[in-house]
Amino acid sequence: MSNDSGAILREPPVAGTELDTLLGTLERLRGYVAWKCGGLDQAGLRATLGPSTVTLGGLLKHLAAVEDDMFSVKLHGRAPQPPWDTVDWDADPDWEWRTAADDSPEQLMRLWQDSVDRSRVLVAEAVADGGLARPASFTWPDGRTPNLRRLLADMIEEYARHVGHADLIRESVDGLVGEDPR
């Protein structure tokens with residue numbers, strides 16, 4: 001399945017293009033997060049494991065913030081979306097983690113899903129405007145400008161780290177384990 005069809009890849013193709021492999025990998029990780037965070041009540045989304053303060057609700061809100069930052073702000077140079085546009089990140093760098101407990105499961109899932117939907121559109125726009133080599137709209141402090149390829153790799157890394165957290169937390173909540181929904 002080629003991304004040119006406009007279909008959302010659910011996993012990387014067995015022998016696909018670089019673009020389809022990157023997007024398929026990202027979508028597979030997004031699917032894991034949706035599964036591990038889905039179907040829980042507020043208590044389940046607030047559960048922690050061991051000494052960590054990470055929750056599944058905080059994870060959803062954090063990933064929503066990272067999606068918007070990566071593809072709207074960094075890739076396209078757009079202003080932050082609500083609710084991120086009113087957060088004083090310098091004063092409260094863990095805002096999304098801390099405030100997730102105030103949100104309902106439906107609000108958290110919708111916030112994350114809306115950010116993923118926006119990201120898909122923004123990535124498609126960037127692919128149409130230069131492909132994986134399209135430069136981002138920001139530079140790192142050392143003056144280098146990453147391209148879409150690098151931003152996708154960074155987003156895959158972000159999800160991969162947090163899918164491990166989600167696995168452990170969800171298992172502690174109700175015993176759900178595995179890589180794929182049955």
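User: Hi! What is the relative accessible area of Trp112?

Analyst: Happy to start there, with the note that this is a predicted model, where local features need pLDDT of at least 70, side-chain atom pairs count only at pLDDT 80 or more, and totals for chains, interfaces and linings use all residues. Residues are numbered from 1 along each chain as its sequence is written, and side-chain values use heavy atoms, leaving out hydrogens and water. Trp112 sits in helix α5 (helices are DSSP runs of H or I with at least four residues, strands are runs of E with at least two, and both are numbered from the N terminus). Trp112 counts as buried (under 20% relative accessible area, with exposed over 50% and partly exposed in between, using a 1.4 Å probe and protein chains only), and its relative accessible area is 2%.

User: Which residues does Trp112 touch, not counting residues up to four places away in sequence?

Analyst: Contact here means heavy atoms within 4.5 Å. With residues up to four places away in sequence not counted, Trp112 touches Arg30, Val33, Ala34, Leu60, Leu63, Ala64 and Tyr159.

User: Which residues touch the most other members of the largest nonpolar core?

Analyst: A nonpolar core is a set of buried Ala, Val, Leu, Ile, Met, Phe, Trp, Tyr and Cys residues joined through side-chain atoms within 4.5 Å. In general, nonpolar side chains tend to be buried together in soluble globular proteins. The largest core has 44 residues, and those touching the most other members are Val33, Leu56, Phe71, Trp112, Leu148, Leu152 and Tyr159.

User: Which elements give two or more residues to this core?

Analyst: The core in question is the largest nonpolar one, with 44 residues. Two or more of its residues come from each of α1 (18-37), α3 (56-74), α5 and α6.

User: At what angle do helix α5 and helix α6 pack?

Analyst: Two packed helices are described by the angle between their axes and the distance between the axes. The axes are lines fitted to C-alpha atoms, for helices over the stretch in contact, and angles run from 0 to 180 degrees between N-to-C directions. For α5 (residues 105-128) and α6 (residues 148-174), the axes are 11 Å apart and the angle is about 155°.

User: Are α5 and α6 roughly parallel or antiparallel to each other?

Analyst: Angles under 35 degrees count as roughly parallel, over 145 as roughly antiparallel, 65 to 115 as roughly perpendicular and the rest as oblique. With an angle of about 155°, α5 and α6 are therefore roughly antiparallel.

User: How many nonpolar residues are in the contact of α5 with α6?

Analyst: On the α5 side are Trp112, Val116, Val123, Ala126 and Val127, and on the α6 side Leu148, Leu152 and Tyr159. Ala, Val, Leu, Ile, Met, Phe, Trp, Tyr, Cys and Pro count as nonpolar, Asp, Glu, Lys and Arg as charged, and the others, Gly among them, as polar. By these classes the contact has no polar residues, no charged residues, and a nonpolar count of eight.

User: How far apart are the axes of α3 and α5?

Analyst: These two helices pack at an angle of about 20°, which makes α3 roughly parallel to α5. The contact includes Leu60, Ala64 and Phe71 of α3 together with Leu108, Trp112 and Val116 of α5. By class, this contact has 11 nonpolar, four polar and four charged residues. The distance between the axes of α3 and α5 is 8 Å.

User: How many charged residues are in the contact of α1 with α5?

Analyst: α1 and α5 pack at about 175° with axes 12 Å apart, so α1 is roughly antiparallel to α5. Among the residues that meet are Glu27, Arg30 and Val33 in α1, and Trp112, Ser119 and Arg120 in α5. The contact divides into 10 nonpolar and one polar residue, with a charged count of three.

User: Is Arg30 buried or exposed?

Analyst: Arg30 is found in helix α1. Leaving aside neighbours within four places in sequence, its contacts include Glu67, Phe71, Trp112 and Tyr159. At a relative accessible area of 5%, Arg30 is buried.

User: What is the relative accessibility of His162?

Analyst: His162 lies in helix α6. Beyond its neighbours within four places in sequence, His162 is in contact with Leu59, His62, Leu63 and Trp97. His162 counts as buried because its relative accessibility is 6%.

User: Is the peptide bond from Pro82 to Pro83 cis or trans?

Analyst: Most peptide bonds are trans. Pro83 lies in the loop between α3 and α4 (95-99). With omega near 5°, the bond from Pro82 to Pro83 is cis.
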